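Work through the exercises below with the sequence and the model open. Try each task before reading its solution.

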Amino acid sequence: MSLRDDLKAYLDQELPESRMGELRIALESDSELQKEAQYLTLISQTLRSEATEPEVVGLEAALLRTRSSKKGFFTDFAKRPFLATAVCVLFVAIISAVVYPTFAKAKNTAKSPIIADQAKAMSPAYSGASSVPMMEGAKSDSGSRFADSRSMDMQIERGNSHGLQSAPLSGVPSSAELRNYAHLKDQNRMVVSRGDMTIKVDNAQNAQVQGQGLVVGLGGYIESSNSSMLEGETPIATATYRIPSSVFELALDKLRKLGTVLTENIQADDATLEYTDVAARLKVLRAEEDQYLTMLRGARRTGEIMSIRDRLSNLRQQIESMDAQRRTLKDQAALSTITVTYQQKVAAGEPDVEKGWADETWGSAINGLSTIGRFLARMVIFIFVFAPIWIPVAIVVWYLNKKKG
Amino acid sequence: MEELVREHYSLVYRFCARRLGFDLAKDVAQDTFLTASRCLRKFKEEGSFTSWLLGIAHNTCRNEVRKKKAQYMDESFWLNATSPNPEASVIDREALRRALDQLPIEQKEAIIMHEIEGLSYAEAAEVAGVPEGTIKSRLHHGFLKLRLILFAETEVTR
């Protein structure tokens, strides 16, 4: 660097001592350098003399503002509109994501007692064979030959281990509520009741034996049973019971107590109309038979006798068939069917299925990740949907801050 | 913090006034102290508090200029409107104003900080956020230009 480049710094005494010395020596001998130094000094002096010394104002206001800023976490926060808006939006989104499902659930729960009440109001009298009420307009989806009858499907799915008294699905009365209708027995109705249950028990075979004992004690019998105790699989036993319809509900209750009900499906088909129809047709056929018998007693010619006998034979076949239908209907209405699957509990420390723990852990981890993903997606949706609310607020806050600034 | 405000307010206010004028200086000075109070924990005690505070003021002034597109470091903010002693002055005030107008902002700023506000090269470098050598260079080139403009004019006038 040349001496001239450091001349200003020399005059300001901002150079290291060695450099100061160099310049001092140079100045003593160089008149041009001295002249230059004089110019720079003059400019510096002029600047200082011509500079203003502004009058100081606003000290009190500054002190006041400094004092108020101490309590000002929120004030300070409010001064950052973007941060404030982002926090508000996040707060709204979290509250909505948490509160909304609760509201929706409460709303659905509030509906089901109303629907259950409506079901009660709509239901006509009960059958004498079971305590299951009928619902107007309900359709049977069974594959039985009673598909034309009016029937009510009652699907009660149990997913927990807390027994049977949990709330029914929307629109379906619970078993407890149904038992309350027992006093409305109508002896004239023919109802075919069917129940399917899966029960988790300590020992499948023992439970099956107990179930058999219960059913026999109630006057029923075992229609079929089987069990599976294969290695590596959960022991299962299944049995189909025929129970007098009058004790159908009682049998269900007793069977439920054998273990923890996992699933339960109760179906009741009203066969009254069909039975009545069959009975009426049978009556007509019998009356026709009597007429033919009267005609036969009065017949004199062989041809006439043979013709009447043929017709009588056909008629009696129809009567037999119709009577068989009537007896079957009556038998089915008299004896309800309950199919129970006894699923054995897995002992502590033993996996349900060999090598299942890794899959279970993997499944749990994936479920956890998808839950987080769903939650984040839900928040994004809420932020988007609530945009008409938070965007104007953000704009107002931004505008006010800009205006204030 | 109040003590610091009382002690340094005039320095900061004048610093801001020279850069932005009297209208904006009050608000900017207040903002400077608010920022300083928030960031007090970040101040490393081995440095100069004044330089640190003026550094905040410098940045606040720059932000204000950007936000409001205000004039920055106009000569009317820091040069007297009338010369206190025109006869004794070798350099004409108007000539000085014209010469200063031709300087880049960075050189003008270095001149104000050192010549008028009395900051050393090191302090000015800390305030401006540049190395000390840069301040030295800016001052050298600024004065060189002023000398060439002013004394060439003077010589021409004479």
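**Exercises**

Exercise 1. State the accessible surface of chain B and the share that belongs to carbon and sulfur atoms.
Solution. Chain B has an accessible surface of about 7600 Å², and carbon and sulfur atoms hold 49% of that area. Accessible areas come from the Shrake-Rupley method with a 1.4 Å probe, and for residues only the protein chains shown count as cover.

The model is predicted: local features need pLDDT of at least 70, side-chain atom pairs count only at pLDDT 80 or more, and totals for chains, interfaces and linings use all residues. Residues are numbered from 1 along each chain as its sequence is written, chains are lettered from A and ligands numbered from 1 in the order in which they are written, and side-chain values use heavy atoms, with hydrogens and water left out.

Exercise 2. Describe the secondary structure and burial of chain B.
Solution. Chain B contains eight helices and zero strands (DSSP runs numbered from the N terminus; helices are H or I, at least four residues, strands E, at least two). Of its 158 residues, 51% are buried (under 20% relative accessible area; exposed is over 50%, partly exposed in between; 1.4 Å probe, protein chains only).

Exercise 3. Which residues of helix α9 of chain A are buried, and where do they lie around the axis?
Solution. In α9 (residues 248–256), the buried residues are A:F248, A:E249, A:A251, A:L252, A:L255 and A:R256. Viewed down the axis of α9(A), they fall within an arc of 160 degrees, so they line one face of the helix. The arc is taken from the directions from the helix axis to the C-beta atoms.

Exercise 4. Is A:L376 buried or partly exposed?
Solution. A:L376 is located in helix α12 of chain A. Its relative accessibility is 48%, so A:L376 counts as partly exposed.
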